[in-house]
Amino acid sequence: MTPKEVLDMAKENGAKVVDLRFMDYPGLWQHFSVPVRELEESSFEDGFGFDGSSIRGWQPIHASDMLVIPDPTTARMDPFYEAPTLVLICDIADPVTREPYTRDPRNIVKKADAYLKNSGIGDVAYIGPEAEFFIFDDIRFESSRFGAFYEIDSIEGTWNTGRDEGPNLGYKPRHKEGYFPVPPTDKFQDLRTQMVLTLEELGIETEAQHHEVATAGQSEIDMRFKPLLQMADQLMWFKYVLKNVAYRNGHTVTFMPKPLFEDNGTGMHTHISIWKGDQPLFAGDKYAGLSQEALYAIGGILSHARALCAFTNPTTNSYKRLVPGFEAPVNLAYSSRNRSAAVRIPMYSTSPKAKRIEFRTPDPSCNGYLAFSAILMAVIDGIQNKIDPGDPLDKNIYNLPPEELAEIPSAPGSLDEALEALKADQEFLLKGDVFTQDAIDMWVDYKTDNEVNDVKLRPHPHEFYLYFDI
């Protein structure tokens, strides 16, 4: 879509407001709005000014002026605002040099895409994330100097089987038994369908929706795979739509990886394939119908997985899900069909066009722009350096004897471990100036100062249960 076509679209839809959206560094959509008369064809080059010092992980106060430059190809009408509103996703630029901003996550995706093309390996990387989430009815939490708590509630929560609900009608999925009964046990079919239809109205193709394993409304909606930048943009629309549909219906959605104790956490299994022209690069005659390039790609993911986790599992809560011996794929191995491996080769179809690899470790708390870019850079590095992934592990990893399990490398056990791994293994990300040193250093510093240390310094409520009477 051209700038002129965007202006025509705004007029045809009676838009009164333009919402300009962009990503902060940790991964939340930010926005400000202007009257539609302020949007001109020149706006797509000149941009709009804003204060970059107020955005997490960005500019210092003495160099705060930044520009948002709307991308005309991203134009959509917002489905929730009262006034007809045109939404444009924006890139960030320095107002003096006009150079793309190194810490703009969208800029990093664009550079990763260009690096793939310049490498000669392929023309397009397709990404398909399976972002799981929870639908809750009530969430309360507090963290202060003298106290802390959280409390979750859900009509589906198995802990509410004895609650007086006037009347309590039962049908609440037990822990780890939510995959996937029909209503009335599944109480969110209609809500998820509303989410799907809203996404479809926005032009975002979905493939399936269903309840997930945990009690209390754990769910999944799968988007159809798309090229790297398009999927990174879509993931932000996805989160926005799900949160707002739930909110309008008296519920709340969270993509937090592990909100419930002793039940399944929330992952984002991420499928990736590379095509060159009209040929799928990952289809071949090797293990599980893969090509040699696909095996090298797996080698790249597995060899860099600990560093990747700093972007694909970027919260302290991520590592409440990534615990050895439980449901999450922490063991850095690959296999066909085996869901206990960190990398799986889906075997639903024998078509070469469907051949892809699935990295199962990521979770949806990530900044998709950074996570997808980092995964692609690991894949490219594996292919360029012909990294051998070793033999596949076609066993239930969770049932292996300790001596055999000890030989399988594992994902980091904490966010600070992942950040240390990133500090030690980042050369593959710096290639082609995709991730700059400045961007990586800011990520490590921000996460350490604002999340890792903040959690380390606070007493945990369970510590009072364990230790108060010592």
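**Entry 1: the whole chain**

I am working from a predicted model. I started with the secondary structure and counted 13 helices and 18 strands. Then I looked up the extent of the C-alpha trace. Along the principal axes it spans about 65 × 60 × 50 Å. Next came the radius of gyration, which is 23 Å. A compact globule of 470 residues would have a value near 23 Å, so the protein agrees with that expectation. I checked burial as well: 54% of the 470 residues count as buried. Last, I looked at contact range. Taking contacts with a separation of 6 or more, 68% are between residues 24 or more positions apart.

**Entry 2: H3 against H5**

How do the axes of H3 and H5 cross? I took H3 as residues 105–119 and H5 as residues 228–248. Their axes come within 9 Å and cross at roughly 155 degrees. Angles over 145 degrees count as roughly antiparallel, so H3 is roughly antiparallel to H5. The crossing of H3 past H5 is right-handed. I then listed the residues that make the contact. H3 supplies Arg 106, Val 109, Lys 110, Ala 112 and Asp 113. From H5 come Leu 228, Leu 229, Ala 232 and Asp 233. Sorted by class, this contact has five nonpolar residues, four charged ones and no polar ones.

**Entry 3: H6 against H10**

I turned to a second pair, H6 (residues 292–312) and H10 (residues 415–424). Their axes are 7 Å apart, and the packing angle is about 120 degrees. H6 and H10 are therefore oblique to each other. I noted a left-handed crossing of H6 past H10. On the H6 side, the contact is made by Arg 306, Ala 307, Cys 309, Ala 310 and Phe 311. On the H10 side I found Glu 417, Ala 418, Leu 419, Ala 421 and Leu 422. By class, I get eight nonpolar, two charged and no polar residues for H6 with H10.

**Entry 4: the loop between S9 and H4**

I looked next at the loop that joins strand S9 (148–153) to helix H4 (189–201), where Phe 180 sits. The peptide bond from Tyr 179 to Phe 180 is cis, with omega near -25 degrees. Pro 184 lies in the loop between S9 and H4 too. I found a cis peptide bond from Pro 183 to Pro 184, and its omega is near 10 degrees. Tyr 171 is also placed in the loop between S9 and H4. I flagged Tyr 171 for its phi: it is positive, about 55 degrees, although the residue is not a glycine. Is Tyr 171 buried or exposed? Its relative accessible area is 51%, so I logged Tyr 171 as exposed.

**Entry 5: Ala 216**

I found a positive phi at Ala 216 as well, about 65 degrees, and Ala 216 is not a glycine. Ala 216 lies in the loop between strand S10 (206–211) and strand S11 (218–223). I checked its accessibility. The value is 0%, so Ala 216 counts as buried.

**Entry 6: Lys 320**

Lys 320 is found in helix H7, residues 318–321. With a relative accessible area of 47%, I logged Lys 320 as partly exposed. I also looked up its separation from Lys 386, which is 66 residues away along the chain. The C-alpha atoms of Lys 320 and Lys 386 are separated by 33 Å.

Key. Residues numbered from 1 in each chain as written. Predicted model: local features only at pLDDT ≥ 70, side-chain atom pairs only at ≥ 80, totals over all residues. Heavy atoms only, no water. Axes fitted to C-alpha atoms, helices over the stretch in contact; angles between N-to-C directions. Helix = DSSP H or I, 4+ residues; strand = E, 2+ residues; numbered from the N terminus. Parallel < 35°, antiparallel > 145°, perpendicular 65-115°, else oblique. Left-handed = near helix turned anticlockwise from the far one by under 90°. Contact = heavy atoms within 4.5 Å. Nonpolar A, V, L, I, M, F, W, Y, C, P; charged D, E, K, R; others polar. Rg over C-alpha atoms; globule rule 2.2 N^0.38 Å. Buried < 20%, exposed > 50% of the residue type's maximum accessible area, 1.4 Å probe, protein only.
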